Amino acid sequence: MHIQTLAVHAGHDVDPATAAVTPPIHLSTTFAREADGSYRGGFLYSRYANPNRSALETCLARLEGGAAAAAFASGSAATMTLLQAIGPASHVILPDDAYFGSIKLARDVFGPWGMEVSIVDMTNPANVSQAMRTNTKLVWLETPSNPLLGIADIAALADIAHRGGAVCAVDNTWGTPVLQRPLELGADVSMHSTTKYLGGHSDVLSGALVFKANDELYQRVNSIQMTGGAVPSPFDCWLVMRGVRTLPLRVHAQSASAMGLAEFLAKHPRVEAVHYPGLKSHPSHDVACRQMSGFGGMLSVQVKATAPESIAIADRLELFTQATSLGGTESLIEHRASVEGPGTRSPANLLRVSVGLEHVDDLKEDFDRALGG
């Protein structure tokens, strides 16, 4: 079944009680027992499971082609739970260009717990091979990466991980299941900050892990989540489900506009470099073409300017809001080094761009004016 159809129908059942086409929000935290101690709908307590969360998890598993999914209160909560499930005294490998919060979790939260962390450039699979140890339990990919949009070869790295007895997980937030299918390429887990493209409207905080198999790892993650309570609210689940219905349409439109904007900026005299895997000049363009059906709505641009001048350029833009996050209907921009703070690896002149649903010609004109073109 095509993903456009799944986005509309997966998990979106007509309400059996009222025949409502749009599902109700089940706010109840507890559910009544029958006389024999059973539960009529299979729900006991909302920390364990909730109708809205179960529907969302069903939807996400089908979108990614997985066997099971777990929805969380945030993308960071999803990442943290997976790291916790991997266990102490284990070694994990993460990319050197990635969401700084993921690296912070592994190093600062789980490092004192006994987790060993290696940070490598994953655009070259040989670096991962060299970093593997006897106690490596997780190879964590982020592709396209944040903020330099590096491309990691999912199939190659999954093979390296599996040969070493490790799990391969992919942060697929930027790729989305519309453009990239990590589980079909060999990964064991696909992670999403569903706050971003899946929610799609900048109005919900949530995350998810989708598993290729309903295996011991999924069961451990599910147990940790149920015990610790890192769950999204029913309304958050409902909002993500609403966003998923238009996900393919939004992502394809944003990708097309991002490609047009990237091509425009790559030729601009005030631009030093554009990072976008759809450009033939991108060092991993061939890999991106092989594992993605489109190149996404994110790009980064390095302007010919100092850090303060780069921030001033972003401030002159009228159609791009200076704000952290991505994947919404509105275009956003941020000076990434300022957001990440001390220790950032982001270039001082780099502006990270999330392309929304505005007309691409208007976005080009806005950038041209802000750059002084």
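Predicted model: local features only at pLDDT ≥ 70, side-chain atom pairs only at ≥ 80, totals over all residues.
1. **The seven-stranded sheet.** Start with the open sheet whose strands run in the order β1-β7-β6-β5-β4-β2-β3, with mixed pairing. The edge positions go to β1 (68–72) and β3 (116–120); each has a single partner strand, so one side of each has no neighbour in the sheet. Going from one strand to the next, the twist averages 20°.

2. **A pairing to look at in that sheet.** Strand β6 (residues 189–192) and strand β7 (residues 207–211) run antiparallel and are joined by four bridges.

3. **The five-stranded sheet.** There is also an open sheet of five strands, ordered β8-β9-β12-β11-β10, again with mixed pairing. Here β8 (271–275) and β10 (321–322) are the edge strands, and because each has a single partner strand, one side of each is left without a neighbour in the sheet. Helix α12 (residues 307–316) packs on this sheet and touches β9, β10, β11 (332–335) and β12 (350–354). Its direction makes about 165° with that of β11.

4. **How β8 is held in the sheet.** The pairing of β8 with strand β9 (residues 298–303) is antiparallel and spans four bridges. Valine 274 has valine 301 of β9 as its bridge partner.

5. **The largest pocket.** Its volume comes out at about 580 Å³, and 27 residues line it. Lying nearest the centre are Asp96, Asp97, Ala98, Ile103 and Arg345. Helix α4 (residues 100–109) gives the largest share of the lining, with five residues. By type, the lining splits into 11 nonpolar, seven polar and nine charged residues. If you are setting up anything in this pocket, those nine charged residues are part of the picture.

6. **The second largest pocket.** This one holds about 440 Å³ of space and has 18 lining residues. Nearest its centre you will find Asp15, Pro16, His26, Pro51 and Ala55. Both α2 (51–64) and α9 (234–244) supply at least two lining residues, and α2 gives the largest share, five residues. The lining here divides into 11 nonpolar, five polar and two charged residues.

7. **Serine 284.** Is this residue buried or exposed? Serine 284 has a relative accessibility of 10%, so it counts as buried, the cut-off being under 20%. The residue sits in the loop between β8 and α11 (285–291). Leaving aside residues up to four places away in sequence, serine 284 touches Thr123 and Ile151.

8. **Leucine 249.** This residue belongs to helix α10 (residues 247–266). With a relative accessible area of 65%, leucine 249 is exposed, since the cut-off for that label is over 50%. How far apart are leucine 249 and valine 178 in sequence, and what is their C-alpha to C-alpha separation in space? They are 71 residues apart along the chain and 9.4 Å apart in space.

Key:
Residues numbered from 1 in each chain as written. Heavy atoms only, no water. Pairing = 2+ DSSP bridges. Contact = heavy atoms within 4.5 Å. Axes fitted to C-alpha atoms, helices over the stretch in contact; angles between N-to-C directions. 1 Å grid on protein atoms, 1.4 Å probe; cavity = no way out; pocket = protein on both sides within 12 Å on 5 of 7 lines; lining within 4 Å. Points joined across faces, edges and corners; volume = space filled by probe spheres on them. Nonpolar A, V, L, I, M, F, W, Y, C, P; charged D, E, K, R; others polar. Buried < 20%, exposed > 50% of the residue type's maximum accessible area, 1.4 Å probe, protein only.
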